[in-house]
Amino acid sequence: MTTTMTRPTPASSLRAVPPRPPRPGRVWLVVAALVPLAFLAVFFAWPVGALVARGFVTDGALDLSGFAEVFAKPRTWRIIGLTIAQATLGTALSVALGIPGAYLLYRTSFPGRGLVRALVTVPFVLPSVVVGVAFRSLLAAGGPLAFLRLDGTFAAIVLALVFFNYSVVVRTVGGMWARLDPRTVEAARSLGASPARAFLTVTLPALAPAVASAASVVFLFCATAFGVVLILGGIHFGTIETEIWVQTTQFLNLRAAAVLSVVQLVVGAAALAVAGRARSARERSLQLRAEHHRPLDPARDAVPLAVTAVVVLGLLTLPLANLLVRSFHTAAGWGLDNYRNLGTSSRALTVTVWEAMGNSLRVAVDATLLAVVLGVMVAVVVAQRPRSASGRRAVSLLDGLFMLPLGVSAVTVGFGFLITLNRPPLDLRSSMVLIPIAQAIVALPMVVRTVLPVLRAIDPRQREAAATLGAGPARVFATVDGPHLVRALGLAVGFAFAISLGEFGATSFLARPDRPTLPVVIFRLIGRPGAENFGMALAASVVLAVMTAGVMALAERLRIDRTGEW
Amino acid sequence: MNRPVRRGAALAASAAALAAGLAACSLSGGTTAATGGTVILVTHDSFALSDGLLESFTEQTGYAVKLVAPGDGGALVNQLILTKDSPLGDAVYGIDNTFSSRAVDEGVLAAYTSPDAVAGMDTADGHLTAIDQGDVCLNVDHQWFAANGVAEPTTFEELVDPAYEDLLVVTNPATSSPGLAFLLATIGHFGETGWQEYWRGLLRNGLLITEGWSDAYYVDFSGSEGAGPRPIVLSYSSSPAAEVGDDGVARTGNVEATCVRQVEYAGVLAGAANPEGAKALVDFLLSDAVQADIPGSMYMYPVTDVDLPAAWVEHAPLAADPITLDPAAIAANRTAWLEEWAALLG
């Protein structure tokens with residue numbers, strides 16, 4: 001429904017009512033909200049709901065005694081406490097270290113910056129079993145970092161979580177920071193503010209929505225981390241996620257698993273509510289420009305440089321380098337044999353790694369397409385600012401709803417698929433189609449979180465100006481929101497692709513053995529004895545890492561650098 | 001005024017076309033329709049057979065095989081139970097003896113045992129057919145013990161001796177199938193009232209428990225790639241065959257007294273869409289071609305009389321008298337035993 005506008009005439013311009021800011025037609029907004037909602041309902045809410053419901057229904061009657069049973073055990077409280085502690089610490093550390101990293105990598109330019117940017121994203125996609133081995137071989141007794149005595153401690157888990165999630169903070173915050181108008185900071189400086197004061201009073205509030213977005217995603221990732229906790233934490237550190245996995249897959253104790261899933265949802269929803277509160281308090285339109293950066297100045301940028309150098313060289317590079325170095329170690333000394341073996345399908349490797357890579361890429365393309373299309377729809381809807389309180393509540397509810405998949409265990413979703421998608425027309429359990437769908441459900445929140453801060457930061461007066469000049473709502477959307485959207489998409493596509501390539505939780509339940517993806521192949525290789533298999537697993541991990549870094553670097557280049565600057 | 005949107009639109013269109021082209025590839029099934037229909041084999045993620053074997057099955061019987069692997073061995077039976085009323089497939093392979101009784105009790109299996117089944121092996125009341133077997137044993141690093149002048153352990157009891165302090169690494173029985181087998185081995189050896197004291201002794205003696213076989217074997221074990229600090233690891237009886245050096249000398253070996261037998265079964269699922277095809281597939285898994293392929297592809301031992309690889313005969317023989325437990329007892333007590341074990345850790 002388009003709004004009719006009063007054409008300003010000379011006589012009426014003085015008393016003309018300012019034209020209402022045009023929005024995309026209401027109908028399109030509703031469609032844009034309903035399509036992703038339907039997708040989420042069928043492929044997430046229904047499977048999860050069905051599995052959780054099974055835990056609360058005994059002999060056809062609702063039975064909530066599972067709550068009493070599970071909460072009576074002290075172990076449950078310990079697990080919940082550990083989960084929240086690990087997630088909070090992991091998030092705090094990731095954000096604290098990620099902000100200087102975002103500044104260095106997105107606000108300054110130096111030779112090799114593209115390489116460092118790509119390197120920073122590599123940990124995100126590595127299968128956690130490989131990361132576990134890489135970390136443990138550094139930290140375990142006999143390894144080079146054994147003197148730190150971190151093996152099997154809580155600190156090791158937190159460090160590994162930062163290792164995985166550093167790139168989320170850096171890219172989300174950096175992507176926004178690069179587009180902030182530097183003139184506001186320059187104005188503050190010229191009025192006498194010190195660099196620190198200018199940062200705290202001008203830049204940080206402007207970045208707060210992006211920081212809150214990144215923090216909420218990282219918190220959910222940390223709270224549902226599975227492989228890392230299992231391998232590095234040993235038997236003493238259980239989280240809600242690992243407990244759900246054990247109860248569901250090993251004991252089929254659906255009651256306990258259902259109770260813990262509800263707890264997980266509550267923790268996730270609480271975190272999202274807190275983040276949403278922090279975000280909305282600060283959200284306002286900002287002056288967004290094309291990417292602006294200046295050359296790195298070691299004197300001026302000493303602090304971010306030092307912090308980022310320690311993180312990148314210490315935390316990120318050491319385990320990756322360990323992985324790389326060991327992949328060249330073969331039975332006959334140092335050489336490329338492990339990589340050569342990847343090209344031949346043998347007993348241990350039923351498909352060559354290139355076929356697995358092809359499978360991974362195809363699935364990733366599907367998942368990315370799905371996630372980006374639906375994610376942009378959601379972002380456009382959620383970026384609206386309705387006038388009524390109920391409208392605003394609806395929008396923030398929608399926002400939180402789409403983030404929920406990140407806070408739910410992959411096991412619950414995977415097992416839920418088994419009991420719901422088992423009859424025509426949705427008999428998709430063993431179909432290849434389900435893998436990109438499951439990955440898209442996890443990637444969609446990331447797309448929304450990447451695109452949304454940019455959309456929300458667009459000055460509504462630009463839209464009003466366009467409307468005043470005679471543009472219809474669709475044209476306004478295309479020319480005002482469009483360029484910002486397209487630029488943010490490069491980042492979002494990169495994220496979605498990385499998530500899909502490295503996804504292992506849901507994929508492990510759905511993968512077909514004859515068409516495995518690369519993480520599945522790595523997981524299989526590392527589960528077999530023999531130096532040759534171990535070497536191949538490491539080599540395949542290096543291939544996965546390089547492929548992902550390459551794709552993300554490419555995605556970053558798919559942007560429009562020139563825009564019409566107002 | 002420049003028009004960046006047009007260039008963006010062109011890029012987006014070409015990206016979409018590329019994506020659509022690739023997307024078509026991932027969604028296409030790629031399987032050829034065989035004359036007899038399809039048999040869906042539900043298995044775990046360690047299943048592997050050499051190229052061509054499943055194709056030869058299709059040539060012989062006309063059924064095409066589709067593989068579904070929803071998880072690891074422990075999860076497999078639970079997933080079958082969960083999907084009882086709409087089975088995941090027609091045939092199942094990979095149920096092992098720790099879960100066989102549970103699978104039968106929950107009614108997920110049809111009553112079929114292959115006529116080619118090896119005599120003397122458990123068939124779970126005519127519901128399952130044994131396809132392969134193996135032992136879970138402690139592996140010792142010969143070179144470490146020789147270099148440090150310590151006698152290699154030969155029994156369970158020696159491991160609580162201070163001479164072997166901080167030398168043993170095992171895996172968590174709740175999350176790892178060899179770990180569970182080791183727990184069951186100690187229960188079988190010491191009895192249902194004696195195993196708790198033994199584990200307390202092991203824990204006092206510096207036992208390390210990891211979550212999965214991979215990090216125990218590749219990070220903590222001294223006898224393999226990781227060159228870790230501990231020379232005694234929980235692994236499979238076939239693992240020493242993979243650690244034979246170029247000189248033909250095995251670097252590691254099994255502690256035979258600690259070996260516990262694992263048997264993997266195949267069966268036909270109750271309510272299968274293609275029970276005839278499933279029966280044919282179960283029979284095929286006992287054929288000489290498949291049995292001879294099992295050591296190389298799945299690191300397990302065949303149940304029929306086919307020849308083992310030479311390295312296995314010499315360095316990784318099956319234990320002559322392994323510990324075995326009654327599958328029904330395992331099914332009845334597994335959860336209670338695991339909870340008791342977890343309580344031992346404190």
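This report describes chains A and B of a predicted model.

## Basis of the model

The model is predicted, and local features need pLDDT of at least 70, side-chain atom pairs count only at pLDDT 80 or more, and totals for chains, interfaces and linings use all residues. Residues are numbered from 1 along each chain as its sequence is written, while chains are lettered from A and ligands numbered from 1 in the order in which they are written.

## Chain A overall

Chain A holds 22 helices and six strands. These elements are DSSP runs numbered from the N terminus, with helices being H or I of at least four residues and strands E of at least two. Of its 566 residues, 53% count as buried. A residue is buried if 20 or more other C-beta atoms, placed from the backbone, lie within 10 Å of its own, exposed if 12 or fewer, and partly exposed in between.

Among contacts in chain A between residues at least 6 apart in sequence, 82% join residues at least 24 apart; two residues are in contact if their C-beta atoms, placed from the backbone, lie within 7 Å. A:Glu464 is part of helix α18 (residues 460–468) of chain A and is partly exposed, with 17 C-beta neighbours inside 10 Å. Its C-alpha atom is separated by 54 Å from that of A:Thr76, 388 residues apart along the chain.

## A helix pair in chain A

Helix α14 (residues 353–382) and helix α17 (residues 434–456) of chain A have axes that come within 7 Å and cross at roughly 40 degrees. Axes here are lines fitted to C-alpha atoms, for helices over the stretch in contact, and angles run from 0 to 180 degrees between N-to-C directions. α14(A) and α17(A) are therefore oblique to each other (angles under 35 degrees count as roughly parallel, over 145 as roughly antiparallel, 65 to 115 as roughly perpendicular and the rest as oblique).

The crossing of α14(A) and α17(A) is right-handed, meaning that the near helix is turned clockwise from the far one by less than a right angle. The residues of this contact comprise 22 nonpolar, three polar and one charged. Ala, Val, Leu, Ile, Met, Phe, Trp, Tyr, Cys and Pro count as nonpolar, Asp, Glu, Lys and Arg as charged, and the others, Gly among them, as polar.

## Domains of chain B

Chain B is divided into domain 1 (38–133 + 262–314) and domain 2 (135–261 + 320–345), with bounds from an automatic or database domain assignment. Taken over C-alpha atoms, the centres of the two domains are 27 Å apart. In all, 16 residues of domain 1 of chain B are in contact with 15 residues of domain 2 of chain B.

On the domain 1 side, the elements that give two or more residues are α3 (73–82), α4 (100–105), β8 (252–268) and α11 (310–315) of chain B. α4(B) gives the most, with four residues. By class, this side has five nonpolar, eight polar and three charged residues.

## Local features of chain B

Helix α8 (residues 213–220) of chain B is mostly covered, as eight of its eight residues are buried. Among them are B:Trp213, B:Tyr217 and B:Asp220.

Most residues other than glycine have a negative phi. B:Asp166, not a glycine, has a positive phi of about 60 degrees; B:Asp166 is found in the loop between α5 (142–148) and β5 (168–171) of chain B. B:Asp166 is partly exposed, with 13 other C-beta atoms within 10 Å. B:Tyr299, also not a glycine, has a positive phi of about 55 degrees and is found in the loop between α10 (288–298) and β9 (301–302) of chain B. B:Tyr299 counts as buried, with 26 C-beta neighbours inside 10 Å.
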